[in-house]
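User: I'm new to this, so please show me how to read a model like the one below, feature by feature.

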Amino acid sequence: MNDQIIFENVSKFYGEVLGVNRISLSIPPGITTLVGPNGSGKTTLMNLMTGLVQPSSGRISVMGLSPVNAPELFCILGYCAQFDSFPRGITGWQFIFDSLMLHGMSEAEAVELTIESLERVQLGDAAGRKIAGYSKGMRQKVRLAQAVAHHPRVLVLDEPLNGLDPMARAESIALFQELGRQGMHLLISSHILDEVDRISDRVVLIAGGYLVAEGSIQQVRHEVQEKPMQVLIRCDRPALLAAKMFSVNHCVEARLHADGKGVFLRTGDIDQFYSMLNGIAAEGLVKMESVAPADDDASAIYQYLIGSSGGTS
Amino acid sequence: MMEVVGKFLRSLTQQPWGLWWIQARRLIRIEVRRNLFTWKAGWVYFLAFIPTLIILIHLSVDRHPAFAISEDTSVLAGIVQLYYIRLGVFFGCLGIFSRLIRGEMIERSLHFYLLSPVRREVLLLCKFVAGCISAVLLFGSAIAADFALMYAGFGAAGTDYVFNGPGLGQLEAYLAIIVLACLGYGAIFLLLSMMFRNPTPAAMLVLGWEAINPVLPSLLQKLSVASYLRHLMPVSVSAHGIFALLTVETEPVSAWAAALGLLLLIIAVLFYACYRVRTLEIRYTTD
């Protein structure tokens with residue numbers, strides 16, 4: 001079986017309104033984050049791959065399965081959608097147990113998996129209460145529990161950190177990382193770019209229904225050549241270092257760090273920059289403590305490729 | 001031809017019937033629970049049991065001389081045809097069956113079903129069966145209670161009419177009519193709720209269609225639930241004035257042909273509903 005999620009030239013129009021246009025993507029196992037402003041098409045992509053909406057054109061395959069093949073697809077896929085609503089009058093336990101029973105498993109097996117998934121999101125104590133009485137964070141957790149309860153190989157999470165307090169957010173991120181390490185596909189949409197940095201193996205940037213960039217954050221940053229890369233160097237003589245680096249014409253900006261023990265340098269050619277830096281270090285004129293890229297994170301590439309509207313960090 | 005039939009039968013045997021059966025049992029249980037045990041179902045209970053309450057008052061207030069049995073039998077037949085078939089079951093089924101798909105879209109909870117490993121056709125048919133069970137339980141028990149209360153006041157004469165006369169046969173016919181009415185209106189309202197954001201105006205058109213059906217050509221009369229049920233009535237009801245709009249006079253048809261005709265109508269409607277559910281999209285913001 002193919003282990004990729006594949007979008008082949010997929011377009012979706014809602015009447016005359018564009019959802020997504022000509023998206024071609026191949027997503028390997030690991031944690032992939034969809035990043036883009038509101039209305040950019042992130043949820044449409046997720047709904048397309050789960051069959052909640054049908055593409056106007058193009059083809060989608062999830063591990064070799066078509067989204068219209070619900071009986072097989074949803075044995076391997078869990079989707080924690082953004083819709084904050086539940087069947088009326090249902091308890092957390094019933095919500096997960098009923099969904100597991102629809103997989104055709106025995107009652108004993110469904111009970112076992114229900115307990116396991118509720119404990120995974122620390123919701124065991126509230127399981128018997130009606131979901132209508134849950135806080136927003138608890139509702140988010142019970143949706144997550146339902147999505148992972150049947151041990152899917154692909155997990156699609158639409159803004160899964162919304163409404164969670166910092167502690168629950170950290171626990172959820174740890175859960176995603178654990179699932180990612182187990183070789184699962186996790187496709188997460190998020191606008192919290194700091195967290196995207198922490199959890200993502202790959203990012204997919206999308207704006208206005210179009211694919212802007214995809215790959216690892218570092219790969220994508222390297223591809224944005226028109227924006228010089230910024231590097232922070234902690235050293236004992238930042239002014240001297242800046243002067244030396246400026247003698248090279250690909251260094252376009254230098255800014256001393258506030259504490260006077262470092263300098264931010266911008267360069268149009270990062271390879272030559274590091275080679276030059278090695279030379280200076282070898283000369284022994286400047287003692288360097290650390291060298292770290294300062295703008296190869298999700299926030300920076302979001303700013304460079306999409307702009308500031310809609311993104312928060 | 002034989003080869004095609006053989007291939008079709010082979011493909012039928014290869015379907016996961018066991019899994020569908022398990023899923024169907026669970027889906028029907030969930031849906032019946034939602035249909036019957038919520039506050040919102042209160043008005044359907046009201047529609048089903050309001051005649052029962054009136055008959056109960058009639059039982060406790062009025063005298064029941066033996067010669068009045070035939071009059072009460074006609075009243076009961078009128079209640080079934082004029083109230084249950086044309087209004088009670090009609091609006092009860094509108095409430096129950098339009099909730100199954102459209103109601104869940106309004107509540108934004110339908111996607112949970114569509115994200116489960118259940119064929120959409122199986123889901124739709126299970127929802128339909130659950131709706132039918134709920135409606136038949138409510139209206140069937142209401143009719144049975146109406147029947148029991150109607151003849152309870154007659155003492156020995158009533159018992160004799162029920163057990164040694166035509167009583168039980170009439171009850172069976174009423175229950176069969178209620179089952180077919182729930183199936184027929186249920187299928188129509190399930191489909192309407194998938195076609196329209198608000199199925200109520202369309203349902204009012206159906207009500208109007210049912211009312212004018214007797215004056216339509218005989219071919220068009222076959223597109224009516226009430227016209228089929230009319231042929232199954234064990235006691236004919238003659239109505240005058242405004243009530244004449246609620247009765248149906250059609251050309252005579254045998255009971256089995258009426259039942260078969262209605263079942264064919266239901267199958268055709270469900271077939272089209274299955275086709276539509278395959279392409280149903282979840283776009284709550286536009287629903």
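Analyst: Let's begin with the domains of chain A. The C-alpha centres of its domain 1 and domain 2 are 42 Å apart. Domain 1 covers 5–222 and domain 2 covers 228–294, with bounds from an automatic or database domain assignment. Keep in mind that this is a predicted model, where local features need pLDDT of at least 70, side-chain atom pairs count only at pLDDT 80 or more, and totals for chains, interfaces and linings use all residues. As for labels, residues are numbered from 1 along each chain as its sequence is written, while chains are lettered from A and ligands numbered from 1 in the order in which they are written.

User: How many helices and strands does chain A have?

Analyst: Chain A has 11 helices and 13 strands. Along its principal axes, the C-alpha trace of chain A spans about 70 × 45 × 35 Å.

User: What share of the residues in chain A is buried?

Analyst: Of the 313 residues in chain A, 41% are buried. Here's the rule: buried takes 20 or more other C-beta atoms within 10 Å of a residue's own, exposed takes 12 or fewer, partly exposed is in between, and C-beta atoms are placed from the backbone. Have a look at helix α1 (residues 42–49) of chain A, where 8 of its 8 residues are buried. Among them are A:Lys42, A:Asn47 and A:Met49. After α1(A) comes A:Gly51, with a positive phi near 80°.

User: Which residues have a positive phi without being a glycine?

Analyst: The general idea first: most residues other than glycine have a negative phi. You'll find A:Met63 in the loop between β4 (57–62) and α2 of chain A, and A:Met63 is partly exposed, with 18 other C-beta atoms within 10 Å. A:His151 also has a positive phi, about 55°. A:His151 sits in the loop between α5 (136–148) and β6 (154–158) of chain A, and with 15 C-beta neighbours inside 10 Å it counts as partly exposed.

User: How many residues does each chain bring to the contact between A and B?

Analyst: Chain A and chain B bring 24 residues each, where contact means that the C-beta atoms of two residues, placed from the backbone, lie within 7 Å. On the chain A side, α2 (70–76) and α3 (92–101) each supply at least two residues. α2(A) gives the most, with 4 residues. By class, that side has 14 nonpolar, 8 polar and 2 charged residues. Nonpolar covers Ala, Val, Leu, Ile, Met, Phe, Trp, Tyr, Cys and Pro; charged covers Asp, Glu, Lys and Arg; the others, Gly among them, are polar.

User: At what angle do α4 and α8 of chain B cross?

Analyst: Two packed helices are described by the angle between their axes and the distance between the axes. In chain B, the axes of α4 (residues 69–106) and α8 (residues 167–195) cross at roughly 40° and come within 8 Å. The axes are lines fitted to C-alpha atoms over the stretch in contact, with angles from 0 to 180 degrees between N-to-C directions. α4(B) and α8(B) are therefore oblique to each other: under 35 degrees is roughly parallel, over 145 roughly antiparallel, 65 to 115 roughly perpendicular, and the rest oblique.

User: How do α6 and α12 of chain B cross?

Analyst: The axes of α6 (residues 120–152) and α12 (residues 255–278) of chain B come within 9 Å and cross at roughly 130°. That makes α6(B) oblique to α12(B), and their crossing is right-handed. Residues in the contact include B:Arg120 and B:Phe128 of α6(B) and B:Leu270 and B:Arg278 of α12(B). The classes here are 6 nonpolar, no polar and 3 charged residues.

Key:
A crossing is left-handed if the near helix is turned anticlockwise from the far one by less than a right angle, and right-handed if clockwise.
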